[in-house]
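Good morning, and thank you for the time on today's agenda.

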Protein chains: 4
Amino acid sequence: MAEDDNRRTPVTPRGARTRQALIDAARVVFERDGYLDARLTDITAEARCSTGSFYTYFTSKEEIFAAVMEMTKNEMLHPGVSRVSEDDDPVAVIAASNRSYFESYRRNAKLMQLLEQVANVDPRVREVRQERARAFVERNARSIADLQERGLVDPDLDSLVASWALSSMVSRLAFSAFVLKEIPDGDHLVDTCTRLWCNALRL
Amino acid sequence: MAEDDNRRTPVTPRGARTRQALIDAARVVFERDGYLDARLTDITAEARCSTGSFYTYFTSKEEIFAAVMEMTKNEMLHPGVSRVSEDDDPVAVIAASNRSYFESYRRNAKLMQLLEQVANVDPRVREVRQERARAFVERNARSIADLQERGLVDPDLDSLVASWALSSMVSRLAFSAFVLKEIPDGDHLVDTCTRLWCNALRL
Amino acid sequence: MAEDDNRRTPVTPRGARTRQALIDAARVVFERDGYLDARLTDITAEARCSTGSFYTYFTSKEEIFAAVMEMTKNEMLHPGVSRVSEDDDPVAVIAASNRSYFESYRRNAKLMQLLEQVANVDPRVREVRQERARAFVERNARSIADLQERGLVDPDLDSLVASWALSSMVSRLAFSAFVLKEIPDGDHLVDTCTRLWCNALRL
Amino acid sequence: MAEDDNRRTPVTPRGARTRQALIDAARVVFERDGYLDARLTDITAEARCSTGSFYTYFTSKEEIFAAVMEMTKNEMLHPGVSRVSEDDDPVAVIAASNRSYFESYRRNAKLMQLLEQVANVDPRVREVRQERARAFVERNARSIADLQERGLVDPDLDSLVASWALSSMVSRLAFSAFVLKEIPDGDHLVDTCTRLWCNALRL
DNA sequence: CATGAATGAGGCTTCATTCAT
DNA sequence: CATGAATGAAGCCTCATTCAT
């Protein structure tokens with residue numbers, strides 16, 4: 001995250017406040033208008049600061065978008081997963097993980113939509129999104145491989161490809177449910193999803 | 001599909017040729033530069049006609065994009081599916097269907113990327129994409145329901161939700177493989193995908 | 001009215017029909033959209049003929065406007081005036097003249113508005129309008145001079161200037177009443193107008 | 001008068017200067033080229049600022065035209081009128097008023113021509129012109145009614161209609177004299193005008 | 001004579017970015 | 001560090017006019 005630019009990280013509290021106001025405003029504007037239709041002046045207006053101030057802290061729309069995403073990274077994590085111990089029932093672990101994922105997605109649907117939007121437009125954001133996806137997939141792949149080692153699931157499956165497939169299934173389902181609203185949200189959705197996941201692995 | 005505009009449908013062969021040249025040019029430019037970076041003048045230059053001619057047939061970039069999509073709809077269909085009879089082994093049917101889908105996606109990867117890009121930006125295109133997705137999902141849902149009736153797959157699954165999930169899995173996998181190139185393409189991919197699909201249904 | 005252009009006066013009945021259709025269409029479009037917003041293609045569409053045909057008969061919007069005005073010249077004349085003989089009561093003559101003028105204006109309000117509009121935009125049309133005005137003013141001036149000679153009205157008035165003033169009064173009043181609709185139409189209006197005219201001359 | 005737009009009213013002196021320069025430039029260009037032929041770039045060139053600056057203060061040609069008119073409203077007022085006291089000879093009052101009106105019109109002939117031109121083309125400007133006219137007419141109507149109450153003029157006249165007629169006469173005469181130059185300017189014109197006005201009222 | 005497609009100059013408008021105060 | 005006005009490249013779009021069929 002080292003800046004290749006001499007934009008200062010604010011040193012005075014006043015500067016920090018302005019920077020934060022800009023990020024908050026950017027989130028509001030991006031969620032309201034979409035990334036492409038958001039104008040820098042909309043953001044500064046929302047932040048109640050001048051146009052010029054934007055360039056004190058950021059060099060471009062892209063950069064402030066990255067800052068928004070960085071800022072909300074914590075909200076996007078799925079804290080529930082790690083709390084499930086390895087001794088637990090594997091199905092319960094998967095169910096908990098899925099439930100947690102869906103909940104997080106539901107809470108941040110607008111942001112996820114934005115991320116999807118911008119990833120299809122800006123290569124740097126695409127990279128960010130793919131990195132997140134990869135991390136998610138790899139964690140699931142390790143989990144699948146682990147279950148294979150323990151003889152609990154179909155050993156013939158390529159754990160990485162299976163993880164790609166199942167992770168894609170879950171994330172796309174969440175997108176359809178919470179962003180596109182094509183599928184009714186609810187326990188039924190998560191349950192079916194978990195059941196398919198377990199079935200798919202022959203767990 | 002009814003135009004809310006009086007742009008003519010060409011009545012002379014010459015007009016039809018120009019219109020077609022514009023659509024072809026648009027596809028080239030869209031695939032080369034992406035939807036957002038494509039300028040109308042690039043399209044008319046590629047089509048070797050004047051700026052004004054664009055407006056003889058289309059009112060906006062959005063509209064010619066829709067025409068490109070309409071034009072290539074046939075290429076996107078998966079003709080192989082219907083050739084598999086109902087008497088065949090259900091696994092073979094699914095395998096054939098998936099293979100066909102992946103092949104079609106591979107051939108039209110650029111267009112699929114475009115569709116995804118524009119769908120996240122333009123509501124009208126989003127509608128088109130969702131309609132296609134829905135058709136695909138519903139076909140698969142009927143197929144699943146049919147297998148349930150024949151007692152071949154898990155009867156407890158909600159066939160529609162299961163179809164959403166598995167269809168999402170396949171289409172997203174294709175996107176990751178052919179557009180993002182995150183997953184190596186190959187028989188292995190389709191086979192694993194089919195295996196997961198069948199497993200998921202307990203077929 | 002001699003054309004400085006080789007646009008043919010139609011020789012075939014078919015040509016005459018097309019030309020007439022264009023003029024009729026132009027009137028409809030001009031009255032509906034105003035001169036400036038009227039596009040040549042609107043006129044040809046209204047006339048149900050091709051764009052090219054327009055240029056078979058006219059060279060410009062200006063020219064077809066002139067043709068519309070020429071065509072409707074007869075409607076604009078005030079036939080009632082001449083029917084009043086000189087022996088009649090001068091007040092009755094003036095009253096009849098005014099009444100006739102107002103009636104004609106009321107019937108052709110849309111066209112008068114157009115004439116006013118275009119005169120402020122196109123010097124050639126301005127010339128036409130001024131010529132009409134001048135003819136009207138001069139006729140009235142002669143009438144006033146005549147009354148002066150007969151010792152019926154104030155002999156100190158400059159008959160030409162008085163005619164300009166009173167003619168302006170009437171025509172502008174008609175414009176306000178029938179085009180701008182600022183003044184309620186009715187007998188009261190004409191009567192007051194006539195009374196003012198007579199008073200002004202000390203008739 | 002409330003702007004339905006967020007174009008800023010300048011807050012710094014510099015901004016105020018630019019805005020003023022644009023208005024001044026617009027007046028020059030409008031008077032030189034006419035409203036329709038005036039291009040925005042002509043105005044910004046004349047104001048020695050960039051194209052973009054125009055849009056900092058105005059949204060359209062129409063809007064800056066309104067600003068020009070607003071700016072010159074003061075020049076258009078007829079300050080002489082109020083200086084004539086009610087005790088004066090009514091004829092003298094009318095004479096002074098007319099003289100003042102003509103002088104003002106003569107000074108601002110170009111602008112009046114513009115106003116007339118644009119009023120026939122743009123409904124918003126038409127409204128402005130009509131409001132001015134109405135104010136003028138109503139003031140004269142009150143004056144006529146006052147003279148009626150004092151028994152000095154024909155009591156049978158409808159003071160409002162009479163005012164419309166006579167006000168129209170004066171303003172149209174001024175237009176003919178100073179814009180169209182159809183009538184020779186001079187004392188004679190004003191005197192005849194005043195005489196007709198007084199005669200018409202039987203003053 | 002009719003047709004209707006093709007043309008392209010020319011004006012309009014936006015908004016990211018700079019910079020003087 | 002904040003301000004907000006100034007900039008101008010860049011793309012959009014119209015429509016009168018021409019011309020091949």
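By class, the surface near DNA strand F has 10 nonpolar, 24 polar and seven charged residues. Please keep in mind from the outset that this is a predicted model.

In total, 41 residues surround DNA strand F, and the closest are A:Gly15, A:Gly52, D:Gly15, D:Thr18 and D:Gly52. Which elements each supply at least two residues of this surface? From chain A they are helix 1 (13–33) and helix 3 (51–57), and from chain D likewise helix 1 (13–33) and helix 3 (51–57). Chain B and chain C each contribute through helix 2 (40–46) and helix 3 (51–57).

We now turn to the other strand. By class, the surface near DNA strand E has 10 nonpolar, 24 polar and seven charged residues.

A database record bears on this part of chain A. An unreviewed UniProt entry carries the annotation "DNA-binding region" for residues 39–58 of chain A. In the model, that span is 70% helix and 0% strand, and its end C-alpha atoms lie 14 Å apart.

I move next to the contacts between protein chains, starting with chains A and B. How many residues of chain A are in contact with chain B? There are 30, and they meet 30 residues of chain B. On the chain A side, helix 7 (109–119), helix 9 (159–179) and helix 10 (187–201) each supply at least two residues. Helix 9 of chain A provides the largest share, nine residues. By class, this side of chain A has 15 nonpolar, eight polar and seven charged residues.

Chains C and D are the next pair. Contact here involves 30 residues of chain C and 30 residues of chain D. Helix 8 (109–119), helix 10 (159–179) and helix 11 (187–201) of chain C give two or more residues each to the side that touches chain D. The largest share, nine residues, comes from helix 10 of chain C. This side of chain C has 15 nonpolar, eight polar and seven charged residues. Chain C can be laid on chain D with an RMSD of 0.3 Å, by a turn of 179 degrees and a shift of 0.1 Å along the axis. The same surface serves both copies, since 100% of the contact residues of chain C recur in chain D.

Finally, let us look inside chain D. Helix 1 of chain D packs against helix 4 (residues 61–71) of chain D at an angle of about 95 degrees, with the axes 9 Å apart. The two helices are therefore roughly perpendicular to each other. From helix 1 of chain D, the contact residues are D:Leu22, D:Ile23, D:Ala26, D:Arg27 and D:Phe30. Helix 4 of chain D brings D:Ile64, D:Phe65, D:Ala67, D:Val68 and D:Met71. By class, this contact has nine nonpolar, no polar and one charged residues.

Technical notes:
Residues are numbered from 1 along each chain as its sequence is written. Chains are lettered from A and ligands numbered from 1 in the order in which they are written. This is a predicted model: local features need pLDDT of at least 70, side-chain atom pairs count only at pLDDT 80 or more; totals for chains, interfaces and linings use all residues. A residue is near a molecule or strand if its C-beta atom, placed from the backbone, lies within 6 Å of it. Helices (H or I, at least four residues) and strands (E, at least two) are DSSP runs, numbered from the N terminus. Ala, Val, Leu, Ile, Met, Phe, Trp, Tyr, Cys and Pro count as nonpolar, Asp, Glu, Lys and Arg as charged, and the others, Gly among them, as polar. UniProt positions are given in the numbering used here, feature names are shortened, and annotations may be inferred rather than shown by experiment. Two residues are in contact if their C-beta atoms, placed from the backbone, lie within 7 Å. Axes are lines fitted to C-alpha atoms, for helices over the stretch in contact, and angles run from 0 to 180 degrees between N-to-C directions. Angles under 35 degrees count as roughly parallel, over 145 as roughly antiparallel, 65 to 115 as roughly perpendicular and the rest as oblique. Copies are superposed by least squares on the C-alpha atoms of residues with pLDDT of at least 70 in both.
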